[in-house]
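Welcome! Let's take a short tour of a protein model, looking at a few residues and then at what surrounds them.

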Amino acid sequence: MRRRAGLVLLAFAVFFAALSPLLRWYAFPRLAKVPPNQYQEVVLEAKPATLLDYTTLKAMEVEKVAIVQTLKGNVEESERIERSAGRDVVVWDALSYIEGPDGKMVSAIPERYIFDAHTQAPVNATGEMVDGDPVRRTGIEFKWPFLTEKRDYAYFDAQTRTTAPIHYKGTRTFRGLEVYYFEQTIPWTKVPMPKKMPIEGITAEQIAQTGITRWYTTKRMFWVEPVTGAPVNGEEIHTEELRDAKKMGMSEDTVTAFDGHVKMREDYIADTVELVKSQRVLVLLLTSYLPWGFLGLGVGLLALALWLEARSRQPVSPRPEGPTSA
């Protein structure tokens, strides 16, 4: 009976020991993915900031400039691209809406970002764009991969439509989470005018025809929770200039269009941290808790099976004979 129980325990030990690496290296890469219907909104603010007043054509310091950034999963487009790509794809329709202290629009820049649902690597497909201009991304944007590593990544800059390294700068603690800090600096680069201008009737093409050019530089900072690959905080020290501005009647040849330290609003940081903490547990179940748990269970069952086997092999002591009756 002991030998039969030992064989059963041995079978379960082998099963759980084999399930441990399968869960981590086979199931996890297939089960962990970004949902195609995700919706996210983040508000960032620069307080104070320098902003160009297009009515007076002068740069002015203002109390606040807000950037409302939305990411909306386009399920219909993701299903269309999946049929030809042969893999799980996520399509995010993003919008960066910038408004001045009076609540009026400064610019609104749409994007379509297409990426692999499991690895977050960009998927180049028809419809990929920034502000209506077709692009071909070669780096991540908005989100890092699951199980982010301590290394530099290629990160796509929407303003310049180019990819540049974003550098790992160390591990830090942010709101109780261990995070990886990344930093990217884009040097002064000539960039296109936004398609939507704050003055009705004035188009980007009309401004470009005057010979005015738009230049941009930024220092981009992200605090990324490495298990989920989700940024829990982001900041930019962002500056834009209009050069050759005298061609449009401005008093100076170089005018600041925007300058400010852009930070996530506190309530959105708190919401993001809570969401990431809950998602982090789900990823750890597949990558750590269950694999190590199953491995430990398999080792324990194996030890118990061997113990029962050893007990079954012990010789049975003969019973002592009682006294014989006369």
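This is a predicted model: local features need pLDDT of at least 70, side-chain atom pairs count only at pLDDT 80 or more; totals for chains, interfaces and linings use all residues.

**Asn233**
- Asn233 has a relative accessibility of 5%, so it counts as buried, since buried means under 20%.
- Setting aside residues up to four places away in sequence, Asn233 touches Phe174, Met221, Phe222, Trp223, Met264 and Ile269.

**Thr218**
- Thr218 counts as buried too, because its relative accessibility is 1%.
- Its side chain and that of Glu236 are joined by a polar contact of 2.8 Å.
- The side chain of Thr218 also reaches the backbone oxygen of Ile237, at 3.3 Å.
- Beyond its neighbours within four places in sequence, Thr218 is in contact with residues including Gln184, Thr185, Ile186 and His238.

- In soluble globular proteins, nonpolar side chains tend to be buried together.
- The largest nonpolar core here has 27 residues, and Trp92, Trp144, Ile166 and Phe182 touch the most other members.
- Among the elements that each supply at least two residues of this core are α1 (2-31), β10 (177-191), β11 and α4 (266-313).
- A second, separate core has 26 residues, including Val42, Val106, Trp223 and Val262.

**A closer look at Trp144**
- Not counting residues up to four places away in sequence, Trp144 touches Ile166, Phe182, Phe222 and Pro231, among others.

Terms used:
Residues are numbered from 1 along each chain as its sequence is written. Side-chain values use heavy atoms; hydrogens and water are left out. Buried means under 20% relative accessible area, exposed over 50%, partly exposed in between (1.4 Å probe, protein chains only). Contact means heavy atoms within 4.5 Å. A polar contact is a pair of N or O atoms within 3.5 Å; within protein, one must be able to donate a hydrogen and the other to accept it, and residues adjacent in sequence count only if both atoms are side-chain atoms. A nonpolar core is a set of buried Ala, Val, Leu, Ile, Met, Phe, Trp, Tyr and Cys residues joined through side-chain atoms within 4.5 Å. Helices (H or I, at least four residues) and strands (E, at least two) are DSSP runs, numbered from the N terminus.
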